[in-house]
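Hi everyone, thanks for making time for this. I'd like to walk you through one structure, so let me put it up on the screen.

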Amino acid sequence: MKSYPPELKANVVKEHVEKGVSCSQLSKTHNIPVRNIQKWVKKFRDSGENYSCFFNGSFNKNYIVSRGSKVPPVVYENAGVDLDEISRLCMEYPELAQTLQSLKDLENIQNIESFIH
């Protein structure tokens with residue numbers, strides 16, 4: 001059984017709920033079985049329409065900022081980065097969480113490329 005990242009689940013449900021895109025169209029667009037999308041929508045509705053239901057357990061404010069990073073969260077805090085605000089924004093705007101992860105992935109790729117050269 002394939003596992004999907006929580007950011008993707010939240011984005012797909014958001015497209016369905018807020019933009020009115022059908023589950024079958026989302027299935028074709030994202031190459032995800034319709035049944036999975038229907039389960040995610042149900043989970044979202046059962047949670048009181050809270051996107052954080054897609055993140056395992058309670059939403060970890062360090063999940064987006066420090067996951068996969070060697071920089072401890074205290075460095076972000078000392079730099080004036082409000083991790084609680086980032087977490088709130090990522091729950092409210094799932095595409096932000098996906099964008100932040102994409103930027104981290106790009107940074108990891110650049111680090112690997114510089115190591116190779």
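Leaving aside residues up to four places away in sequence, Cys53 touches Lys43, Phe44 and Ser47. And where does Cys53 sit? You'll find Cys53 in the loop between α3, residues 34-46, and α4, residues 62-66. Please keep in mind that this is a predicted model.

Now, is Cys53 buried or exposed? Its relative accessibility is 17%, and the cut-off for buried is under 20%, so Cys53 counts as buried.

Another cysteine to look at is Cys23. With a relative accessibility of 13%, Cys23 counts as buried too, because the limit is under 20%. For anyone about to ask how many disulfides the structure holds: the number is 0.

In general, two packed helices are described by the angle between their axes and the distance between the axes. Here the pair is α1, residues 6-19, and α2, residues 23-30; their axes come within 10 Å and cross at roughly 140°. Why do we call that oblique? Angles over 145 degrees would count as roughly antiparallel, and 65 to 115 as roughly perpendicular, so α1 and α2 are oblique to each other. As for handedness, the crossing of α1 past α2 is right-handed.

Which residues make that contact? From α1 we have Leu8, Val12, Glu15 and His16, and from α2 come Cys23, Leu26 and His30. Sorted by class, this contact of α1 with α2 has 4 nonpolar residues, 2 polar ones and 1 charged one.

Let me zoom out to finish. The protein chain has 7 helices and 0 strands, and reading from the N terminus the order is α-α-α-α-α-α-α. The chain has 117 residues, of which 32% count as buried. And if you take the contacts between residues at least 6 apart in sequence, 56% of them join residues at least 24 apart.

Notes
Residues numbered from 1 in each chain as written. Predicted model: local features only at pLDDT ≥ 70, side-chain atom pairs only at ≥ 80, totals over all residues. Heavy atoms only, no water. Disulfide = S-S within 2.5 Å. Buried < 20%, exposed > 50% of the residue type's maximum accessible area, 1.4 Å probe, protein only. Axes fitted to C-alpha atoms, helices over the stretch in contact; angles between N-to-C directions. Helix = DSSP H or I, 4+ residues; strand = E, 2+ residues; numbered from the N terminus. Parallel < 35°, antiparallel > 145°, perpendicular 65-115°, else oblique. Left-handed = near helix turned anticlockwise from the far one by under 90°. Contact = heavy atoms within 4.5 Å. Nonpolar A, V, L, I, M, F, W, Y, C, P; charged D, E, K, R; others polar.
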